[in-house]
Amino acid sequence: MNQAGVQLRQHDLKRDALISLLQVIQEREGFLSREQMIEVGETLGLPISKVYGVATFYNQFRFFAPGKYHIQLCRGTACHVKGSLSVLETLQRAIKIEPNQTTPDGLFSLEVVACIGACGLAPVISINGEFHAGMNPEKIEKLIATLRKQEGK
Ligand code: FES
């Protein structure tokens, strides 16, 4: 292997190590904080901009602490056609946060995602990985109220 080949291989290995480390942290903490990304960069000799660039390239990484109920709302085409925007607007009004935020009490967090592979259930949301099919504004309001009641809030 020539010099350029060796450098390319080292670059690939560093990138693989970076992704693996970020996955381990996300699995342990539920998200990647700025401090953790700086630490990972220092460990691998990479600038924070590079770490952040790689992390944001992959949909699997989250940059905010998830709430007890992490809600992923699909805005893929099938869900959009069946009204996911009105579900999102109602949900945002109900829990008073924007996407990629967590409520101050830590109960809910919201993430808007692309197709989650359940188009037949559109519009669909996932709460902690569990799908809720055929959502509409009334259903999402009821669901949030039920969860709040369940938590005594
Ligand atoms: S578009 Fe929403 S699950 Fe596919």
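From the N terminus on, the elements of this protein follow the order α-α-α-β-α-α-β-β-β-β-α, where helices (H or I, at least four residues) and strands (E, at least two) are DSSP runs numbered from the N terminus. With a radius of gyration of 19 Å, well over the 15 Å that the globule rule gives for 153 residues, the protein is more spread out than a compact globule; the radius is taken over C-alpha atoms, and the rule is 2.2 Å times the number of residues to the power 0.38. The model is predicted, so that local features need pLDDT of at least 70 and side-chain atom pairs count only at pLDDT 80 or more, whereas totals for chains, interfaces and linings use all residues. Residues are numbered from 1 along each chain as its sequence is written, and side-chain values use heavy atoms, with hydrogens and water left out.

**Overall form**
- The C-alpha atoms fill a box of roughly 65 × 35 × 20 Å, taken along the principal axes.
- Buried residues (under 20% relative accessible area, 1.4 Å probe, protein chains only) make up 39% of the 153 residues.

**Nonpolar cores**
- A nonpolar core is a set of buried Ala, Val, Leu, Ile, Met, Phe, Trp, Tyr and Cys residues joined through side-chain atoms within 4.5 Å; in the largest, which has 19 residues, I71, L91, I95, F108, L110, I125 and I144 touch the most other members.
- Two or more residues of this core come from each of β1 (69-74), α5 (84-95), β3 (108-113), β4 (125-127) and α6 (137-150), and α5 gives the most, with 5 residues.
- A second, separate core of 13 residues includes L18, I25, L44 and L46.

Notes:
Buried < 20%, exposed > 50% of the residue type's maximum accessible area, 1.4 Å probe, protein only.
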